Amino acid sequence: MRFVPHDYQKYCINRLVAEPALGLFLDMGLGKTVIALTAVNDLRYNRFAVRKVLVIAPKKVAEDTWTREAGKWDHLRLLRIVPVLGSLKKRIRAVNSPGDVYVMSRDNVQWLVDYYRNDWPFDMVVIDELSSFKNPQAKRFKSLCLVRKHISRICGLTGTPAPNGLIDLWSQVYLLDGGKRLGERIGRYREEYFTPAARNRDVVFSYEPLPGAKERIQERIQDICISLSAKDYLELPERIDNVIHVALPQKVRQDYEKFERDMLLEVDEDTLDAGSAAVLSGKLLQFCNGAVYDADRKAVEVHGEKLEALREIIQAAQGRPVLVFYNFQHDRERVMRSLEKCGVYPKELKGTETITQWNKGEIPVMLAHPASAAYGLNLQAGGNTIVWFGLNWSLELYQQANARLHRQGQKEKVIVHHLVVDCGVDAMVMDALQSKRATQDGLLEALKARIGQIKSGE
């Protein structure tokens, strides 16, 4: 595909090429990934200014997004993307493989620094979701600081640089400039720009900015950070569809294929029996979501990959409201438990009280079944982010559910995330929805054809 950048994308690319350190504080949907990759490609192959580039990203983003984005655009065809993921042995093999851009989960930053130390080979580092380095006490921040002097170029990408207030900016900007703008110590930064807000005699629990602090901080960092809002560059209301590809572990993938082929699967002491193609299509959708009902209507968990992807989306939202559509009751129960373990307490859409709370921005995550939220509800005042945890067969329900946020009165672009398991019935449903030909009969025929292909290939 040919990349024709918007004017703001050209501006960001030129800044990245010209400057050794830059923070791109861009809203979701403005193309941070392709902006960064285009600049890297120019620096690597046109200007020969960098040799090896490290991308640090959330796990699910590292697994898919950067590789997929590089393969999407014609002008990036020379870039060799190397995922640094998996077991220790796989990661070591990956970092020693030929490549241009090495993409790694932020959870492995400490390992990579310990592995290389003073022999650090990456002359450019791109931090996807820079706000995940907002804690100056975190090991990932401290580890990256140890090798910062060996990094000649650094770029930080985020749409939410200050999710909990301006106090979060210090460590992020420190990684960019080594403390030149906001000070070399977090304590000095607090003293200059903040005053204690909640404390007991010895411990300060939170800070609030001093009068004029916001303007002073913005002035100090404006030369090294670009802040762009989608509402300034995209016509509103616009809907942006984002497919998040969820990869299953090899053993789970094999179980899925066996279930698809044989319509029967044993998980521990439970037997999952589909019985017919119509039942199988629903069971496979359940499998993609992570659990399948057995004959006794007990949910048998088969994986947690979508739960992990959902947690990363909500973490990246940094407190901005998220509407999650689920397909099966066990989806709702598992999502509830998973988020509560992380300190996020979602509410289910039930009646006018929750609708009012949502539209006031008082609910960080709201769960809804598309059948119960598809018609007549105005939810656009409460948020602009949708996550489809589990897809369904009905194009009508799908379109109507999305219209709860993407409708007149919405002041922000609407981002619709779809968690899709590759090479499964999930992907088939997604393709059908996108081509606006989603009917159950058509999907069942496609499923039957796929089963026939699998069996004929044995």
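## Strands, aromatic pairs and a pocket in a predicted model

E16 and strand E17 (residues 365-368) pair in the parallel sense, and two bridges join them. The model described here is predicted. Within this pairing, Lys347 has Met366 of E17 as its bridge partner. Both strands belong to an open sheet of six strands in the order E10-E19-E18-E15-E17-E16, with parallel pairing. Strand E10 (239-246) and strand E16 (347-348) stand at the edges of the sheet and have a single partner strand each, so one side of each is left without a neighbour there.

Gln318 is not a glycine, yet its phi is positive, at about 50 degrees.

How many residues of strand E1 (residues 21-26) are buried? Six of the six are, so the strand is largely enclosed by the rest of the structure. In a regular strand, side chains alternate between the two faces of the sheet. Both faces of E1 are covered: Ala21, Gly23 and Phe25 are buried on one side, and Leu22, Leu24 and Leu26 are buried on the other.

E1 has a parallel partner in strand E6 (residues 153-158), to which five bridges join it. Leu24 has its bridge partner in E6, namely Leu157. E1 also pairs with E9 in the parallel sense, over four bridges. In that pairing, Gly23 stands opposite Cys225 of E9.

**The second largest pocket**

By type, the lining residues divide into 11 nonpolar, seven polar and two charged. Helix H9 (213-221) and strand E9 (225-228) each supply at least two residues of this lining.

Strand E3 (residues 81-84) and strand E4 (residues 101-105) run parallel and are joined by four bridges. Val84 stands opposite Met104 in E4. Together with helix H4 (residues 88-95), the two strands make a right-handed β-α-β unit.

Pro98 lies in the loop between H4 and E4. Is Pro98 buried or exposed? Its relative accessibility is 64%, and Pro98 therefore counts as exposed. Pro98 and Ile81 are 17 residues apart along the chain, and their C-alpha atoms are separated by 9.3 Å.

**Aromatic pairs**

The structure holds 16 aromatic pairs.

| Pair | Geometry | Centre to centre | Angle between planes |
|---|---|---|---|
| Tyr102 and Phe122 | edge-to-face | 5.6 Å | 65 degrees |
| Trp120 and Phe122 | edge-to-face | 5.3 Å | 70 degrees |

Tyr102 lies in strand E4, while Phe122 is in the loop between helix H5 (109-116) and strand E5 (124-128), so their pair ties together parts that are 20 residues apart in sequence. Tyr102 is buried, with a relative accessible area of 2%. Phe122 has 0% relative accessibility and likewise counts as buried. Trp120 is buried as well. Which residues do ring pairs link into a cluster? They are Tyr102, Trp111, Tyr115, Tyr116, Trp120 and Phe122.

Glu129 is in the loop between E5 and helix H6 (139-147). Its phi is near 65 degrees, a positive value in a residue other than glycine. The relative accessibility of Glu129 is 13%, under the 20% limit for a buried residue, so Glu129 counts as buried.

Ser281 has its place in helix H11 (residues 277-289). With a relative accessible area of 0%, Ser281 is buried. Ser281 and Met263 are 18 residues apart in sequence, and the distance between them is 9.9 Å, C-alpha to C-alpha.

Notes: Residues numbered from 1 in each chain as written. Predicted model: local features only at pLDDT ≥ 70, side-chain atom pairs only at ≥ 80, totals over all residues. Heavy atoms only, no water. Nonpolar A, V, L, I, M, F, W, Y, C, P; charged D, E, K, R; others polar. Pairing = 2+ DSSP bridges. Right-handed = clockwise from strand over helix to strand, strands pointing away. Phe/Tyr/Trp six-rings, centres within 6.5 Å; stacked < 30°, edge-to-face > 60°. Buried < 20%, exposed > 50% of the residue type's maximum accessible area, 1.4 Å probe, protein only.
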